[in-house]
Amino acid sequence: MKGYNVDNFAVLIGIDWADKKHDICEHPNHTEIYNYSIIKHKPQALHDWAMELKQRYPEQKIAIVCELKKGPLIYALAKYEHLTLFTINPSTVAKYCKAFTPSGAKDDPSDALIQVEILTLHMDKLSVIEPESAAIRSLSQLVEYRRGLVQNSVDLSNKITATLKNYYPQALEWFKEKDTIIFCNFILKWPSLGKAKRARKQTLLDFFNAHNSRYVDVNNKRILGIKNAMPLTEDKGVIEPNQMLVEVLVSQFKVLLQGIEQLDKAIKGAYKAQADKNIFDSLPGAGPQLAPRLLVAFGSNRLRYHDASELQKYAGIAPVIERSGKKMWTHWRYSCPTFLRQTFVEWAGFSVRYSFWAKAYYEQ
């Protein structure tokens, strides 16, 4: 990563961000001046502020430090070439503040000032936000959004399962895999055992065939199970509210599954266009889901990390060793990008299955 020095910048600016407004501390370099201001979190206001800085400091670089690595504020400011964005861990600011205000007093303008002080004294230890290419940034968001939707679908599937067990558990036996459109459409068409039992055999067969479920033995077993099923309960006070809830949950579940499928197609297309695709396809256990995530994790900037340990520490997969006196202990790294760490942890789990040396290393 490019080395930065305080003397490279005309002014140092700390931003304490919020949802609707941002507190600013502006410190012209080599002066004792600290100017405070507030800007609204609106695209036009942020643009006007950035351009006003350029007019006041023409042909000079401006350093901005913030407790963010991504988000609307970063997206808004990253496009200006005259701004260099530094990121600082929120816990660093909090501990710095606590060191000099034991009483616990706190206000936003002072947080912005503390950020400027840390930037002034420790610029070489802070990370600079250097955006990847638009293609990598797009793929990065797609894979993270997909992982979030998958987790939402798992949570929703568990709720559906729990609700069906209250009045209609047979449906869980007829469809072993819940994250399918055929399961969703079956429940929406026949949301109770009573309605399913009233369906004709040919109607059920037509439904299964329309959803490309053409296994004769499986379909006949399902139909036989439907016709012979005994109700768990016939209490309308149990069936009706649970049926209404299941219909709502399954409707949401179906939309989620379709959304994940759309993201999969977008990820596949974006990943296919990357020059490094073959490298990450060759990694054992990566597969169509993890290979794009690993490509994003390494990025296209080969100067970002000097060695493997830097990436391990940043991703949170390197353990933290603490020593005090004669004692030494190791613990999980608490502060890191959680999705990035999750990517490496999940890939490690799969690599053990597909790589002999990975399995041997794991067992050792």
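Aspartate 281 and lysine 277 form a salt bridge, with their closest N and O atoms 2.6 Å apart; the term salt bridge stands for a side-chain nitrogen of Lys or Arg within 4 Å of a carboxyl oxygen of Asp or Glu. The two residues are four residues apart in helix 12 (residues 277–281), so about one helical turn separates them. Helices (H or I, at least four residues) and strands (E, at least two) are DSSP runs, numbered from the N terminus. Aspartate 281 is partly exposed at 37% relative accessibility, and lysine 277 is also partly exposed, with a relative accessible area of 23%. Here, buried means under 20% relative accessible area, exposed means over 50%, and partly exposed lies in between (1.4 Å probe, protein chains only).

The model is predicted, so local features need pLDDT of at least 70 and side-chain atom pairs count only at pLDDT 80 or more, while totals for chains, interfaces and linings use all residues. Residues are numbered from 1 along each chain as its sequence is written, and side-chain values use heavy atoms, with hydrogens and water left out.

In total, the structure holds eight salt bridges. One of them pairs the side chains of arginine 56 and glutamate 26, at 2.7 Å from N to O. Arginine 56 belongs to helix 1 (residues 43–56) and glutamate 26 to strand 2 (residues 21–28), so this pair ties together parts that are 30 residues apart in sequence. Arginine 56 counts as partly exposed at 37% relative accessibility, whereas glutamate 26, at 7%, counts as buried.

Another salt bridge brings together the side chains of lysine 21 and aspartate 23, again with 2.7 Å from N to O. Lysine 21 is partly exposed, its relative accessibility being 29%, whereas aspartate 23 is buried at 5%.

Ile317, Trp332, Tyr334 and Val345 make a nonpolar surface patch of about 450 Å². Patches consist of residues with over 30% relative accessible area and no salt bridge, where like charges are joined within 9 Å and nonpolar side chains (Val, Leu, Ile, Met, Phe, Trp, Tyr) within 5 Å. Accessible areas come from the Shrake-Rupley method with a 1.4 Å probe, and for residues only the protein chains shown count as cover. Isoleucine 317 sits in the loop between helix 14 (308–315) and strand 7 (320–324). With a relative accessible area of 34%, isoleucine 317 is partly exposed.
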